Every structure is written in structure tokens, then in C-alpha cells.
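Me: I have a list of labels for this model and want to know what stands behind each one. Please go through them with me.

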Amino acid sequence: MSPAKRRGVLIGGALLVVAVVVAAFFVLNGGGSTPEAEAGATSVESPGAIDPHSAITEYLQDLSENNTDAASRLTDAAPAAAVALRDARNTLNPSSLTAKLTVLQPTPAGATQTGGTFSFAWTLKPGKVWTYDVTFQLTQAGGKWLVHWAPSLLHPKLEAGQRLVISTAVQDTTAVADRDGKPLLISGSGGLRAVDGDPAPLLRSALTGQVTAASGGGFAVERVDTSGKSLETLFGKASAEGAPALVSSLSLAAQNSAQAAVNSFKGSAMMVALDAGSGDILAVAQNAAAGTTPKALNGLYEPGSSFKIATSVAAIQQSGLTAGSPVDCPGVATIGTRTVRNEGFELGATNLQTAFARSCNTTFGQLALDLPADGLVKAANELGLNADYEIPGINTELGKVEPAASKDEQVEDGFGQGRIQASCLGGALVAATVASGKAITPRLWHELDTQVVKGYSPPPAAVLGQVRTMMRAVVTSGTGRAAAGAGAVFGKTGTAQFGDGSNATGWFVGYRGNVAFAVVLENSNDSGPAVALAAKFLKAL
């Protein structure tokens, strides 16, 4: 993860700078659809401030930190404020925002209300700075001071039900196309909007932000009503023809198929698909139960037995095994000081391919224990789980694999139940690496380059050849048989317990042809539904 990401860069990539009178400039990166507080970064037990000056300055400071959730809690209408603040930040996607407190009215002793003004200066593009003054009110409740929320805190003319949008063209024109030239976003009067069906809701902010950044001189900030009808141009001027469409890596067909698949699941479901040849991100999908936080791109989970792909790479490369090597698969085994169990089965004397296909924990715990201390980390590195990329518009995390702190932990890491973590995107990248035999650089755009912050080198071809054979056996005769009807699918299932062990995340990681994918189901307690969703996705392509 790059330093910028550590400071909280999220979808949209905007940098906000808030200047407050009597306070220093607060500079932090961000601009995404997910406020930092949603990840547990900030906790406020009692909202509000002890005095009016603190209330407004803390509100502006939270905005500077891109923590709209915390800022909203300093208002007297937190849910409405959070939605509006997040929407404005994502839609306008500023390169910087300066908010300066200009007047704070004196507060007589015993008063419960006061107010003042501050100025906004949105730098929307180089040389395009939108400035105006905002009047605010403060109110006291329960002994604490809060900012009185109203849409006019974003712009003086903004009323209930209205919002700010960016428009780059007067006439409807394609703003973002998929890799086959099919429209994804349309620009016109009333701002940018998704095509019918809203095929990539999780990426809408990312796509919109890049359109604004690439729009040249022709763009305007408009005030629109609840239907999206433009009421007034507040700043700038849209182009008569619009800028040339940006070409994304997404495939409309793959995106629609992935979204339909996850939407068919009642619990929290997410899916990412990559082109193993080009690195194109073909689809990123989450259902409503998974929420709007882009967990498919950066949420880290224990990968469970899907991590046996890495353990197999390590065992083949470092211990000299092959898919046909003899191994033992007891139902229960004491490995080191850990008691390891399979899910109600034992195979006895078998081979590595069968143990992999049936997902034998006792086999892979022993394989991990026999490796050097850095054996699993080396394999994870070669599969890209510790790589890092800066992809314009989105914040990604692939995984986190570190040396085990003890031999017992190394055993657990062997079947993905230690401190190993991976994201849905990371799982898809692992599958793409196995499928292609090369390092994958994921990309969301054809015109905008992905920056490789930390790259990787794939395992040797001979090693991957063995792993492919084993992944195919998962579908033909193992735990992934439910995907057999979707063509020549290669994969690995996984079920990862977490917390107190009463719940588990379900995984299916794999590929068919050049389409690599990962499915993650939160709290599904079974990998079977993940296999079914992957099969549904592949059959629809």
C-alpha cells in the first residue's frame, strides 16, 4: 500500500484542504465513496462540541480529513448530512477544497443558538476555482454545540431534494464506454448519469471522477432537482459537443452477468473478474447486502482453503512435490501443537491433487509446517497478494501475507486460517496469475495507466502447470463440482472461520479461459453458494 493510501485515498481520489481561522491548515488525502469512519477509524460517543468555535472548526477539520461520517455527527441531522456531504464530494471530485471560517457571531451567556459565515473555494480543475460564501447556524442540544444541517451548507441556493452535479456536455454524449465501445456513462444537461440499468454502481464515483478530470475546459456545475433536471448552472460552461469518451476496461456483458449473479444471493456477496491476458478489470459487483463500501476492491478477509493455491505453489517449488506426489489425509491430526480437522472426511493415503481437490486441511497444515519460515510468504508474493498498484479512481488492496509468528501459526496459514488476508480483487489476481503464467497489472482504463507501486514475478511455468492440473480437478472431482456445467473451469474453494468461529466467509477463486474471477460471500458458512454464483456468472457470458 502506498503512502497516499495510508492517509486514506478512496474512490474519487480528491484532495481536500480546509483552512480554519485561528487553526492551522489541515491537509489529508481522500475523496472516496467510503468515509474513513466506516472502517472504524473514528468513534464519537457523544456528538457535538463544548463551544461554538469548536463545533464549526471540528466540522471543517473532519471534512478536511474526508471523514464525512464524523462531520455529519457534528450536525443535528447526521444521516441526511452524511449522504449529502459524501455525494457532493464524490460528484464534484475536487483536486482541493478550501473552507475558511470568516465570521463567528458572539454568543451571549446562556444563548443556545449562534451562527456565522465561511467561504468555499473548490478547485475543480487547474485554473478552475469555484468560490462562494456559506451562512451557517449553530445550535446547542444536550449541553453540546452542533452545526444546524441544511442543504445550503453546500451551496446557498441548494434546497431540499436538490444536489450538485458536473455536466461536461450540453447534448447527451457518451462520457465513459466499456472496452467494446458500449456506453456506461452519459454526459448531458443534468450531469453525468449511468446508462439504463446502472451496470456498475460500485464504480460510478470512480468513473465520474475521471470524466471530470479529463473533461478539458468544457464543464459546468449544475443544480438539479430530484428527477435530475437542471435548474441552474452555478459555475462554468458545458461543451457543445463534449469531450471524447474515456474507454474503461469494464465489459458491459461481464459486469451485468456479475451483478446479476451476486444479486441472486440473499446474503452479502461480491465478485471481481479480470482479463488474465490484459489485466483489464472486467467486472466489480456487490449486492445490496454487501453495502456501498467498495469491499470487493479493498476489503480484506481470511481466504480459507482458497489460499491452498499458494501453499501448493510453495510445496511444489520448495519441497519438490508434484500433483501426483503421495500425501496423507487423516480426518484429524495433531500438527505441531495444533489439532487440525477436515470437514467430516478423511482420505488416508492419497496424492496431492486429490487432497487439493477435496480440500484436506490436515494435508496442507503438514505441508505448511514442512516449509521454510518464509515459504508461504514467498509463494504469496509470486502470486501477487503482496503487490500494490495505484489505479486511477479507485483504492485497492490485494492482500496481506507476512511470515508466521510461530510454527503453530504457520500450520494455520497453510489452509488460510492464520493471519493471512486477501481481498476479492486479490483472489481474482491470483487466479489470473495462474491462468496466464505472468504478473498481472490490473487496469480500469485504457487511456490512463496503472502505476505499479510494488510489482511481482510469477512462479515458474512448471510449477503453475501442476497447480492448473490441481485446480481443474477441484471442478471435475472435488469441492467445486457445481461449476462443472460452466465449461472448462479451474478453481479452488475456501471457507474461512473468523471471530469466535461461529461464522465463516465462503470463497471460490478460479478462471475459465482468459476470464479470472473471485467470489466472496460474507457469513455464508459454506463455499458451495460461491461456486454456484461463479457458475451462474460464467454461463451468462
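Me: Why is cysteine 424 called buried?
Reply: The model is predicted, and the value is computed from it. Cysteine 424 has a relative accessible area of 0%. Buried means under 20%, so cysteine 424 is buried.

Me: What makes cysteine 329 and cysteine 360 a disulfide?
Reply: The S to S distance is 2.0 Å. The cut-off for a pair of cysteine sulfur atoms is within 2.5 Å, so the pair qualifies. The structure holds one disulfide, and this bond joins cysteine 329 to cysteine 360.

Me: Why is the disulfide of cysteine 329 and cysteine 360 called right-handed?
Reply: Because the torsion about its S-S bond is about 105°.

Me: Are cysteine 329 and cysteine 360 buried or exposed?
Reply: Cysteine 329 counts as buried at 0% relative accessibility. Cysteine 360 also has a relative accessible area of 0% and is buried.

Me: Why is the pair of phenylalanine 120 and tyrosine 132 called edge-to-face?
Reply: The angle between the planes is 80°. Phenylalanine 120 belongs to strand S4 (residues 113–125) and tyrosine 132 to strand S5 (residues 128–141), 12 residues apart. Both phenylalanine 120 and tyrosine 132 are buried.

Me: Why is the pair of phenylalanine 356 and phenylalanine 364 called tilted instead?
Reply: Here the planes make an angle of 55°. Stacked needs under 30 degrees and edge-to-face over 60, so this pair is tilted. The distance is 6.1 Å centre to centre. Phenylalanine 356 is buried, at 0% relative accessibility, and phenylalanine 364 is buried at 0% as well.

Me: How many aromatic pairs does the structure hold, and which residues form one aromatic cluster?
Reply: There are nine aromatic pairs. The cluster is formed by Phe118, Phe120, Trp122, Trp130, Tyr132, Phe136 and Phe235.

Me: How do you know that arginine 358 lies over the face of phenylalanine 345?
Reply: Arginine 358 is 4.9 Å from the ring centre. The distance cut-off is within 6 Å, and the charge must also be within 35 degrees of the ring normal. Arginine 472 is placed likewise, with its charged end over the ring of phenylalanine 490, 5.8 Å from the centre.

Me: What makes arginine 73 and aspartate 69 a salt bridge?
Reply: The N to O distance between their side chains is 2.5 Å. The limit is within 4 Å, so this is a salt bridge. Both residues lie in helix H3 (residues 68–73), four residues apart, which is about one turn of the helix.

Me: Where in the chain are arginine 179 and aspartate 275?
Reply: Their side chains meet in a salt bridge of 3.1 Å, N to O. Arginine 179 is in the loop between strand S8 (173–177) and strand S9 (183–188), aspartate 275 is in strand S14 (residues 268–275), and they are 96 residues apart. Arginine 179 is partly exposed at 31%, whereas aspartate 275 is buried at 11%. A network of salt bridges links Arg179, Asp275, Asp280 and Arg443. The structure has a count of 14 salt bridges.

Me: How does the reach of helix H14 compare with the expected value?
Reply: Helix H14 (residues 461–477) has 17 residues and reaches 24 Å from its first C-alpha to its last, close to the 24 Å expected. Its buried residues include Val463, Leu464 and Val467. The buried residues of H14 pack against several elements, among them helix H8 (308–318) and helix H13 (424–436).

Definitions and conventions. Residues are numbered from 1 along each chain as its sequence is written. This is a predicted model: local features need pLDDT of at least 70, side-chain atom pairs count only at pLDDT 80 or more; totals for chains, interfaces and linings use all residues. Side-chain values use heavy atoms; hydrogens and water are left out. Rings of Phe, Tyr and Trp (its six-membered ring) pair if their centres lie within 6.5 Å; planes under 30 degrees apart count as stacked, over 60 as edge-to-face and the rest as tilted. Helices (H or I, at least four residues) and strands (E, at least two) are DSSP runs, numbered from the N terminus. Buried means under 20% relative accessible area, exposed over 50%, partly exposed in between (1.4 Å probe, protein chains only). The expected span of a helix is 1.5 Å times one less than its number of residues. Contact means heavy atoms within 4.5 Å.
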